[in-house]
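Trainee: Could you walk me through this one, helix by helix and then charge by charge?

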Amino acid sequence: MTASVTKKKIVVIGSSNTDMVIRTPRIPRPGETVLGGEFFMAPGGKGANQAVAAARAGGEVHFIARVGDDVFGQQSLDGFVSDGIHVDLIVRDKDAPSGVALIIVGPDGENCIAVASGSNSRLGVADVRLAKPVITSADIVLMQLESPLETVREAAEIAASAGVPVVLNPAPARALSDDILRRVSYLTPNETEAEILTGITLIKKSDLAKAADALLAKGIKAVLITLGSKGVYVATREKKEVMPAFKVIPVDTTAAGDAFNGALAVALAEGRPLLEAARFANAAAALATTKMGAQPSLAGRDDIEKLLA
Ligand code: ADP
């Protein structure tokens with residue numbers, strides 16, 4: 001994109017956490033203590049990561065969320081502002097602490113995460129109703145599942161009734177009612193999430209098609225099943241294919257999926273064809289695996305374009 005292109009309005013609704021990360025020689029087993037490397041703290045949470053990913057990928061981002069009235073919440077807000085994200089719809093909740101995630105990163109970049117949701121679990125239907133004018137005037141709405149499902153449902157309903165496309169990243173994995181799925185335009189599960197949503201175990205390539213068809217049958221326009229280092233399986237009723245990942249040396253895959261979703265939302269909002277949008281998202285996600293941490297690892301538009309070229 002050249003600087004002259006008007007930025008598209010991306011509304012992200014979801015969680016904000018502070019990630020506390022330790023790299024270890026291996027992921028500890030239950031009961032085991034493993035001595036790790038340096039402790040590392042950075043803003044994270046799927047909603048916040050995707051908001052930042054979308055802003056850096058070139059979107060005009062409005063983030064709807066709740067943080068606590070504490071130092072973690074303030075640090076997160078400061079980060080959003082420095083990324084140019086609109087924060088006026090973020091509630092500072094006096095009655096719950098900010099969300100926190102404890103993350104262990106193994107040697108090959110695999111991770112293991114526990115989350116205390118805090119104020120994220122209080123992002124309510126009333127919060128999204130208050131944001132209705134912003135949602136209905138968006139080019140695209142992007143959500144995940146670290147927020148209460150009734151909130152996700154309400155936001156999807158508000159967006160869909162106004163003809164605003166909804167990207168839902170169904171992470172972390174949980175089953176979803178048809179009531180939510182039929183309001184989604186683009187669904188972006190990873191393999192585990194696709195299995196949980198469909199009950200289909202993904203072993204062969206034909207299983208991907210089966211799972212995608214089951215989801216498309218709910219009324220979703222396109223299903224993009226992310227396949228880690230293998231890329232993404234892009235499925236519509238007309239066409240299904242794998243868009244391969246970019247070859248990089250991963251050091252930490254935290255937020256790869258978030259980078260993918262934020263960038264995908266921007267590319268779709270800009271009117272790029274689905275496969276081109278998926279390739280743009282793959283590039284942003286590959287870059288995110290080459291750096292430690294969630295938000296610090298998210299790439300800017302220039303770096304994404306460079307990798308695409
Ligand atoms: P999640 O992180 O949500 O589990 P995936 O592991 O499927 O999701 O990764 C999301 C996307 O990140 C992939 O579709 C791909 O574009 C990118 N990605 C993940 N791992 C790698 C890797 N090792 N090399 C290049 N790209 C990767």
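Mentor: One term first: a crossing is left-handed if the near helix is turned anticlockwise from the far one by less than a right angle, and right-handed if clockwise. This is a predicted model in which local features need pLDDT of at least 70 and side-chain atom pairs count only at pLDDT 80 or more, while totals for chains, interfaces and linings use all residues. Residues are numbered from 1 along each chain as its sequence is written, and side-chain values use heavy atoms, with hydrogens and water left out.

Trainee: Okay, which hand does the crossing of H9 past H10 have?

Mentor: H9 and helix H10 (residues 274-288) pack at about 145 degrees with axes 7 Å apart; axes are lines fitted to C-alpha atoms, for helices over the stretch in contact, and angles run from 0 to 180 degrees between N-to-C directions. Helices (H or I, at least four residues) and strands (E, at least two) are DSSP runs, numbered from the N terminus. As for the hand of H9 passing H10, the crossing is right-handed.

Trainee: And how many charged residues sit in the contact of H9 with H10?

Mentor: Contact means heavy atoms within 4.5 Å. On the H9 side you'll find Phe260 and Leu264, among others, and these meet a set in H10 including Leu274, Phe280 and Asn282. Sorted by class (Ala, Val, Leu, Ile, Met, Phe, Trp, Tyr, Cys and Pro nonpolar; Asp, Glu, Lys and Arg charged; the others, Gly among them, polar), the contact of H9 with H10 has 15 nonpolar residues, one polar, and charged: none.

Trainee: Why is helix H1 largely enclosed by the rest of the structure?

Mentor: Check accessibility: buried is under 20% relative accessible area, exposed over 50%, partly exposed in between (1.4 Å probe, protein chains only). The buried residues of H1 pack against a set of elements including strand S1 (9-13), strand S4 (60-68) and helix H9 (256-269). H1 (residues 46-56) is largely enclosed because the number of its eleven residues that are buried is nine.

Trainee: How are H1 and H9 oriented to each other?

Mentor: Their contact brings Lys46, Asn49, Gln50, Ala53 and Ala54 of H1 up against Asp258, Ala259, Asn261, Gly262 and Val266 of H9. That makes four nonpolar, four polar and two charged residues. The axes come within 7 Å and cross at roughly 50 degrees. Under 35 degrees is roughly parallel, over 145 roughly antiparallel, 65 to 115 roughly perpendicular and the rest oblique, so H1 and H9 are oblique.
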